[in-house]
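Visitor: I am new to this structure. Could you take me through it in questions and answers?

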Amino acid sequence: MNDQDRRDPERASGDAVPLASPNGASPLAALQGLSIDFSADTGAVPLANAIGPMTLIDTAPITGSPESQFGPRGERTVSKLIILGSGPAGLTAAIYAARAYLDPIVLAGSAPGGQLMITSDVENYPGFPEGIQGPELMAKFREQAERFGAQIEDVDVDRVDFSSRPFQLWARGTEYRAEAVIVATGASALWLGLESEARLRGRGVSACATCDGFFFRDKQIAVVGGGDTALEEALFLTRFASHVNLLHRREQLRGSRIMQDRVLANPKITLHTNTVVEEVLGDAKVEGLRVRNTATGAERVMASDGLFVAIGYRPNTEAFADWLDVDEKGYLVVHDETASKIEGVFIAGDVHDHRYRQAVTAAGDGCKAAIDAERWLESQGVTEVRTAAAW
Ligand code: NDP
C-alpha cells in the first residue's frame with residue numbers, strides 16, 4: 001500500500017498536509033533526521049525550511065465544521081485522543097484519559113474486551129479476593145471508562161494514516177481524527193482450529209496457564225506446542241497437575257535448549273513427539289483427547305482433564321505494521337516506556353509486551369500511556385496545562 005492509498009480522498013481541505021513526499025516515498029522517511037522542537041509552540045509548527053510549506057500540527061479539525069465531527073449515529077469522530085483496543089490496557093487508558101478531560105474515543109474492536117472475554121475465573125487481578133469472571137471484569141472496566149465520558153465504539157480499525165496530525169483512522173467506513181492515539185490492540189492466542197476446541201474453551205480448554213492452571217490441581221492435563229511458550233506452560237502447570245502430557249507435532253522441539261532440558265528432566269512431564277490433537281472429547285467439560293501419531297497414523301484416546309494450547313500469539317498489528325516499528329516476533333516496539341517512533345502515537349499492553357501478558361500489567365501500561373499522551377498533548381498546546389494533574 002502506498003501513501004496515496006492510505007489517505008482518504010474525501011479528506012477536507014485545510015487539514016494538515018501529509019508528510020509524504022511527492023514521489024510517494026514513505027511518510028516516515030520524511031521524518032528521519034528531523035529534530036522538531038514542540039516545546040514552545042501551541043499551534044502549527046512550520047517546517048517550511050525543511051520540507052516546504054507544510055504544517056505538522058493542525059488543531060483546526062477539533063474545532064472544525066460540526067458536520068465533520070460526527071458519525072452516522074451522531075457519535076463523535078474527532079477527539080484529542082483515540083484509543084484502539086478495549087482490553088485492560090485500552091480501557092485503563094480510557095479511564096485515565098477521560099478523567100483528564102481528553103474526551104477519548106475508544107475504537108474497541110468488533111470483539112471488545114480482549115483476551116479476558118475468553119477467560120473464566122480471574123483470581124489474580126488485585127481487588128477481587130473471591131475472583132471474578134473475565135467478561136464481568138471487562139464489563140466493569142468499560143462501565144468505569146464510560147462513567148467518566150469515554151465514548152466506546154465496537155468497531156475494528158481497518159487502516160490508519162499517521163503521516164500527519166490530526167491522525168486519521170478508518171473503521172467500518174467512518175473516518176476518525178485525533179491529535180494523539182494510543183494503540184492497545186492486544187495479541188491473540190493462536191488456536192488449533194478444531195470445532196471441539198472452540199466449544200470447550202473455558203471448560204477445560206485454555207490458552208493461559210497463568211490464568212487457569214490453578215483450576216487443575218491434581219488433574220491430568222495436556223499442553224500442545226513445542227516452542228518456549230509451551231515448554232514454559234508445561235513447567236508451570238506441574239505445580240498444579242498430577243501429570244502433564246506435552247504434545248508436539250514434530251520430532252524436535254522448537255524451544256530454547258535450557259527450557260527443553262528442564263522439561264525433559266521433569267518427572268511430571270511426558271513428551272509425546274509427532275503427536276497432534278484431532279479432537280477434544282467431552283460435552284460440558286474436557287474428558288480426554290483423540291490424538292494421532294503423525295509418523296504411524298495411529299490414533300488413540302488420551303485421558304486428560306484439560307488442554308492448554310500454547311502454539312504462539314499473534315499481536316494485532318495489521319492496521320499499523322506499516323507505520324510503527326515491529327520486532328522480529330511481530331510485536332510493536334516501544335521507546336521510553338510507551339512512545340512509538342511517531343510523536344503522538346503511544347503503545348500499551350500485549351501488542352508490545354510478550355513477556356508478561358497479564359491483565360494487571362496491561363492495565364498498568366494503559367495508565368502509563370494515557371499519562372504520557374496527556375502530557376504530550378499538553379506540551380503541544382492541545383490541552384490546557386490545568387488538565388495535566390486531573391488524574
Ligand atoms: P513459537 O512460534 O516459537 O512456537 C510455536 C510452537 O507451536 C511450535 O513448536 C510450532 O510447531 C507449534 N505449532 C504452531 N502451530 C501449530 C499447530 N497448528 N498445531 C500444533 N502445533 C503448532 O511460539 P512461542 O509462543 O512458543 O514463542 C514465541 C517467541 O517468544 C519465541 O521466540 C520464544 O522464544 C519467545 N518466548 C520466550 C519465552 C521466554 O524467554 N521465557 C517464553 C515464551 C516465548 P513447529 O515447531 O512444528 O513449528
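Visitor: Why are glutamate 195 and arginine 199 separated by about one helical turn?

Guide: This is a predicted model. In it, glutamate 195 and arginine 199 both belong to helix α6. They are separated by about one helical turn because they lie four residues apart.

Visitor: How far apart are the closest N and O atoms of glutamate 195 and arginine 199?

Guide: Side chains of opposite charge can pair when their charged atoms come close. Glutamate 195 is exposed, at 57% relative accessible area, and arginine 199 is partly exposed, at 33%. The two form a salt bridge, and their closest N and O atoms are apart by 3.4 Å.

Visitor: Is glutamate 175 buried or exposed?

Guide: The side chain of glutamate 175 meets that of arginine 177 in a salt bridge of 3.3 Å, N to O. Arginine 177 has a relative accessible area of 8% and is buried. Buried means under 20%. Glutamate 175 has a relative accessible area of 18%, so it is buried.

Visitor: Where in the chain are arginine 142 and aspartate 154?

Guide: Their side chains meet in a salt bridge, at 3.0 Å from N to O. This pair links distant parts of the chain, twelve residues apart. Arginine 142 is in helix α5 (residues 134-147), and aspartate 154 is in the loop between β5 (151-153) and β6 (159-161).

Visitor: Why is helix α8 largely enclosed by the rest of the structure?

Guide: Helix α8 covers residues 228-237. Its buried residues include Leu231, Leu235 and Phe236.

Visitor: Which side chain has an N or O atom 2.6 Å from an oxygen atom of the ligand?

Guide: Of the 14 residues around the ligand, those that come nearest include Thr229, Glu232 and Arg250. A backbone N or O atom of glycine 227 is 3.3 Å from a ligand oxygen, and a polar side-chain atom of arginine 249 is 2.9 Å from a ligand oxygen. The side chain with an N or O atom at 2.6 Å is that of aspartate 228.

Visitor: How much of the 910 Å² that the ligand exposes when taken alone does the protein bury?

Guide: The shell around the ligand divides into two nonpolar, six polar and six charged residues. Of the 910 Å² that the ligand exposes alone, the protein buries 67%.

Note on methods: Residues are numbered from 1 along each chain as its sequence is written. This is a predicted model: local features need pLDDT of at least 70, side-chain atom pairs count only at pLDDT 80 or more; totals for chains, interfaces and linings use all residues. Side-chain values use heavy atoms; hydrogens and water are left out. Buried means under 20% relative accessible area, exposed over 50%, partly exposed in between (1.4 Å probe, protein chains only). Helices (H or I, at least four residues) and strands (E, at least two) are DSSP runs, numbered from the N terminus. A residue is near a molecule or strand if one of its heavy atoms lies within 4 Å of it. A polar contact is a pair of N or O atoms within 3.5 Å; within protein, one must be able to donate a hydrogen and the other to accept it, and residues adjacent in sequence count only if both atoms are side-chain atoms. Accessible areas come from the Shrake-Rupley method with a 1.4 Å probe; for residues, only the protein chains shown count as cover. Ala, Val, Leu, Ile, Met, Phe, Trp, Tyr, Cys and Pro count as nonpolar, Asp, Glu, Lys and Arg as charged, and the others, Gly among them, as polar. A salt bridge is a side-chain nitrogen of Lys or Arg within 4 Å of a carboxyl oxygen of Asp or Glu.
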